[in-house]
Amino acid sequence: MRLNKGKSEVEIDKFKEFAKWVLDIGDGKVSVPYSDVSEFVEDEILVPPEFCDLTNVNSVDNMISSTYPSFEENCRDPSYLSERAILTPTNQTVGHLNALILEKVFG
C-alpha cells in the first residue's frame with residue numbers, strides 16, 4: 001500500500017499509523033468489536049474516529065470527490081490515477097464505484 005508522503009512529521013506519522021492499521025486488518029490482528037448483547041459480530045471492523053472524516057456528509061459522491069479531486073480535468077493522467085485508490089470489501093462494490101466514477105468521464 002502506498003499513501004501520500006505527507007507535508008509534515010505529524011502528517012507522515014498519521015499516514016504510517018493508518019497504513020499499519022490497514023495492514024493489521026489484513027493480517028487478522030485487529031480485534032472484532034462486540035455487539036450490544038456481548039456476542040461476536042463476525043466480519044465487523046470498528047474504524048477508529050481518527051481515520052474518519054466526521055466533518056462531511058458520509059456519501060459515495062463525497063468519498064469519490066475527496067479521493068479524486070478535479071477528476072474531470074485529471075482523469076486521463078496515469079500518475080494522477082495511480083496515486084489514488086478506494087478500498088472496498090467486494091468486487092460488486094468495486095464495480096459499482098467504477099461505474100459511478102466512469103460516468104464523470106466525458107466522451
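## Phe71 and its ring partner

Phe71 is buried, at 6% relative accessibility. The model it sits in is predicted. Phe71 pairs with Tyr68 in an edge-to-face arrangement. Their ring centres are 5.8 Å apart, with 80° between the planes. That angle is over 60°, so the pair counts as edge-to-face. Tyr68 is buried too, with a relative accessible area of 12%.

Cys75 counts as buried, at 12% relative accessibility.

Which residues does Ile101 contact once its neighbours within four places in sequence are left aside? They are Ile64, Tyr68, Phe71 and Ile86. Ile101 thus touches both Tyr68 and Phe71, the two rings of the edge-to-face pair.

## Aromatic pairs

The structure holds 5 aromatic pairs. One of them joins Trp21 and Phe51, with ring centres 5.3 Å apart. Their planes stand at 45°, so this pair is tilted. Trp21 lies in helix α1, residues 9–26. Phe51 lies in the loop between α1 and α2, the latter spanning 60–67. The pair therefore ties together parts that are 30 residues apart in sequence.

Trp21 counts as buried, at 15% relative accessibility. Ring pairs also bring in Phe18: Phe18, Trp21 and Phe51 are linked into a cluster.

## Salt bridges

There are 2 salt bridges in the structure. In one, Asp24 is bridged to Lys20, with the closest N and O atoms 2.7 Å apart. Both residues lie in helix α1. They are 4 residues apart, about one turn of the helix. Is Asp24 buried or exposed? Asp24 is buried, with a relative accessible area of 15%.

The other bridge joins Glu83 and Arg84. Here the closest N and O atoms are 3.6 Å apart. Glu83 is exposed, with a relative accessible area of 54%. Arg84 counts as partly exposed, at 24% relative accessibility.

## Cysteines

How many disulfides does the model have? The count is 0. Cys52 is partly exposed, at 35% relative accessibility, whereas Cys75 is buried, at 12%.

Technical notes. Residues are numbered from 1 along each chain as its sequence is written. This is a predicted model: local features need pLDDT of at least 70, side-chain atom pairs count only at pLDDT 80 or more; totals for chains, interfaces and linings use all residues. Side-chain values use heavy atoms; hydrogens and water are left out. Rings of Phe, Tyr and Trp (its six-membered ring) pair if their centres lie within 6.5 Å; planes under 30 degrees apart count as stacked, over 60 as edge-to-face and the rest as tilted. Helices (H or I, at least four residues) and strands (E, at least two) are DSSP runs, numbered from the N terminus. Buried means under 20% relative accessible area, exposed over 50%, partly exposed in between (1.4 Å probe, protein chains only). Contact means heavy atoms within 4.5 Å. A disulfide is a pair of cysteine sulfur atoms within 2.5 Å. A salt bridge is a side-chain nitrogen of Lys or Arg within 4 Å of a carboxyl oxygen of Asp or Glu.
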